[in-house]
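Q: I have a model open and would like to learn how to read it feature by feature. Could you walk me through it?

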Amino acid sequence: MFDITPLTDSKRTAIQQKIDQKTKPPGALGRLEQLAMQLALITGSDEIILNKPTMLVFAADHGIAKEGVSIAPPEVTQQMVLNFLNGGAAINCFCRANDIALEVIDAGILVPINAPKLTMQSLGRGTNNFVTLPAMSLEAVTKGFSLGAKVVYRMASEGCNVFGFGEMGIGNTSSASALMSAITGIPAEECVGRGTGISDEVYQKKLSLIQKALKRHKNSFDDTKQILSALGGFEIVQMVGAMLAAAECNSVVLVDGFIATVAALAAVKINPAARDYMVFCHQSEESGHQKLLQYLQATPLLSLELRLGEGTGAALAVPLLKAAQAFYNDMASFDSAGVDAV
Ligand SMILES: Cc1cc2ncn([C@H]3O[C@H](COP(=O)(O)O)[C@@H](O)[C@H]3O)c2cc1C
Ligand SMILES: O=C(O)c1cccnc1
């Protein structure tokens with residue numbers, strides 16, 4: 001379904017040489033050098049090209065939210081979508097601060113909003129409660145992949161080659177933890193966290209509901225699509241399709257916090273070549289995130305104790321991408337600056 005070209009090793013030596021000829025001790029720009037290597041492999045080895053960075057925020061509701069597993073009721077998903085459209089959320093501020101375009105997508109909120117700025121591609125009015133039923137049909141997963149991909153193909157045709165992925169959906173840390181446990185085999189206790197900041201009591205309820213759901217659906221864990229249909233969210237499946245499409249379009253995939261990283265995990269299971277295009281932007285405070293990053297052998301760029309989602313950690317990493325681009329493209333070499341090589 002997604003034809004992703006793994007990044008070629010043949011250009012690595014030339015890129016490393018270019019980095020090593022910059023006027024600095026070898027390796028002195030640390031992680032920025034690794035980032036420049038990845039960006040050069042994705043976008044061009046002569047010059048790193050970052051075009052029209054765009055944040056895609058997918059919003060949807062979750063049947064499990066009715067169980068009271070969040071600090072907020074499900075209505076907050078729709079209210080936050082309106083907040084995004086009015087420019088008032090954290091993600092709006094960080095996108096404005098860093099010159100990132102923002103597109104908000106209704107992937108399946110409970111009560112649709114009629115607003116010209118909102119991209120409408122709803123898969124339904126929230127998922128089923130996965131404690132008792134599969135969250136969605138397999139057809140919805142497949143449709144979600146193509147709807148997510150559609151947004152990326154449109155933006156890529158307009159020249160965008162840097163995509164950030166964010167989400168909004170009350171209850172979605174429950175779906176994400178259940179997916180993480182089912183896909184990786186890591187026990188639920190290590191995947192489930194406090195989400196929006198729930199109490200000990202609510203945490204115990206959340207954990208036991210997720211354990212119950214994992215037991216109930218365990219016979220349909222043969223492949224990633226089945227797992228997504230059992231436990232996923234409409235915003236999560238659209239993110240999976242969008243990430244795979246971005247990798248297919250040779251674009252940079254900026255992965256945000258816990259929920260976005262679970263979508264990235266599913267995308268990598270579906271097509272391992274997608275991993276090459278992913279930049280893991282930050283480590284969230286959500287307790288399962290560190291384990292998940294380790295599982296994916298990913299070292300995140302930032303660690304700011306965020307636990308918000310919306311794409312905020314991805315937006316905050318964009319200046320680092322621009323710094324990697326700036327030194328790779330513009331910094332003098334020992335030769336051009338007349339500095340003795342070290
Ligand atoms: C006002 C508000 C704004 C948010 N922005 C992102 N989230 C984050 O919290 C939710 C996940 O946590 P849980 O699984 O505990 O519900 C998601 O919507 C996520 O994007 C928010 C949550 C709230 C309450
Ligand atoms: O890391 C995240 O994505 C996250 C953490 C808590 C709540 N919402 C999102």
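Here is a short tour, from the overall fold to single residues.

Q: What should I know about the model, and which secondary structure does the chain contain?
A: Happy to start there: this is a predicted model. The secondary structure of the chain comes to 14 helices and six strands. The radius of gyration is 20 Å, close to the 20 Å that the globule rule gives for 342 residues, so the chain is as compact as a globular protein of that length. Along the principal axes, the C-alpha atoms fill a box of roughly 70 × 40 × 40 Å.

Q: Which residues come nearest to ligand 1?
A: Start with the shell, then ask which elements supply it. Around ligand 1 there are 17 residues, and Ser70, Thr173, Gly195, Thr196 and Gly309 come nearest. By class, this shell has six nonpolar, nine polar and two charged residues. At least two residues each come from α3 (75-85), β4 (162-168) and α6 (172-184), and α6 gives the largest share, with three residues.

Q: How do I read a helix pair, and at what angle do α6 and α11 pack?
A: An α-helix has 3.6 residues a turn, so residues three or four places apart point the same way. Now the case: α6 and α11 (residues 258-270) pack at about 35°, with their axes 9 Å apart, and their crossing is left-handed. On the α6 side, Asn172, Thr173, Ala176, Leu179, Met180 and Ile183 take part, meeting Phe258, Ile259, Val262, Leu265, Ala266 and Lys269 of α11. This contact has nine nonpolar, two polar and one charged residues.

Q: Why is α9 described as largely enclosed by the rest of the structure?
A: Count its buried residues. Six of the eight residues of α9 (residues 224-231) are buried, so the helix is largely enclosed. They are Thr224, Ile227, Leu228, Ser229, Ala230 and Leu231, and they pack against α5 (138-157), α6, α8 (200-217), α10 (234-248) and α11.

Q: Which loop holds Ala273, and what does Ala273 touch?
A: Ala273 lies in the loop between α11 and β6 (278-280). Ala273 is partly exposed, because 16 other C-beta atoms lie within 10 Å. Leaving aside residues up to four places away in sequence, Ala273 touches Ile4, Thr5, Pro6 and Ala247.

Q: What phi do Asp99 and Glu305 have?
A: Most residues other than glycine have a negative phi. Asp99, not a glycine, has a positive phi of about 55°, and Glu305, also not a glycine, has one of about 60°. Asp99 is in the loop between α4 (90-97) and β2 (101-108), and is exposed, with 11 other C-beta atoms within 10 Å. Glu305 sits in the loop between α12 (287-295) and α13 (312-330); Glu305 is exposed, with 9 such atoms within 10 Å.

Notes. Residues numbered from 1 in each chain as written. Chains lettered and ligands numbered in written order. Predicted model: local features only at pLDDT ≥ 70, side-chain atom pairs only at ≥ 80, totals over all residues. Near = placed C-beta within 6 Å. Helix = DSSP H or I, 4+ residues; strand = E, 2+ residues; numbered from the N terminus. Nonpolar A, V, L, I, M, F, W, Y, C, P; charged D, E, K, R; others polar. Axes fitted to C-alpha atoms, helices over the stretch in contact; angles between N-to-C directions. Left-handed = near helix turned anticlockwise from the far one by under 90°. Contact = placed C-beta atoms within 7 Å. Rg over C-alpha atoms; globule rule 2.2 N^0.38 Å. Buried ≥ 20, exposed ≤ 12 C-beta atoms within 10 Å, placed from the backbone.
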